[in-house]
Amino acid sequence: MISDWNNRERCVVLGEYLVENGATVRSAARAFGVSKSTVHKDVTQNLKAVNKGLYLEVQALLLKNKRERHLRGGEATRLKYEKSAGR
């Protein structure tokens with residue numbers, strides 16, 4: 001399990017997962033069985049000291065996700081109401 005790894009290993013694995021999959025913090029947390037707070041702290045604070053290049057890639061992805069979050073939220077709401085309407 002990822003929580004058994006040390007912080008240096010974990011932040012690199014999480015950062016690579018985010019970049020390779022274009023994932024969100026929430027989806028990475030779900031995939032690795034850790035909290036959103038752990039993922040966010042690892043990739044925004046710990047990763048910078050471990051792998052600066054990967055850190056910069058992750059920051060670009062997080063910024064992109066932040067700019068697009070209203071689209072994902074709107075889609076989730078639409079699907080929720082379609083499901084409750086029995087479509």
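View 1. Residues are numbered from 1 along each chain as its sequence is written. In this predicted model local features need pLDDT of at least 70 and side-chain atom pairs count only at pLDDT 80 or more, while totals for chains, interfaces and linings use all residues, and side-chain values use heavy atoms, with hydrogens and water left out.

**View 2. Helix α1 spans residues 7-21.** Its 15 residues reach 21 Å from first C-alpha to last, close to the 21 Å expected at 1.5 Å a residue (1.5 Å times one less than the number of residues). At the start of α1, a side-chain oxygen of asparagine 6 comes within 3.0 Å of the backbone nitrogen of arginine 8.

**View 3. Aspartate 42 lies in helix α3 (residues 36-50).** Aspartate 42 counts as buried because its relative accessibility is 1%, where buried means under 20% relative accessible area with a 1.4 Å probe and protein chains only. Leaving aside residues up to four places away in sequence, aspartate 42 touches Arg10, Cys11, Leu14 and Leu47 (contact: heavy atoms within 4.5 Å).

**View 4. Helices α1 and α3 pack at an angle of about 105 degrees.** Their axes, lines fitted to C-alpha atoms over the stretch in contact, with angles from 0 to 180 degrees between N-to-C directions, are 8 Å apart. The two helices are therefore roughly perpendicular (65 to 115 degrees).

How values were computed: Helix = DSSP H or I, 4+ residues; strand = E, 2+ residues; numbered from the N terminus. Buried < 20%, exposed > 50% of the residue type's maximum accessible area, 1.4 Å probe, protein only. Polar contact = N/O pair within 3.5 Å; in protein donor to acceptor, adjacent residues only side chain to side chain. Parallel < 35°, antiparallel > 145°, perpendicular 65-115°, else oblique.
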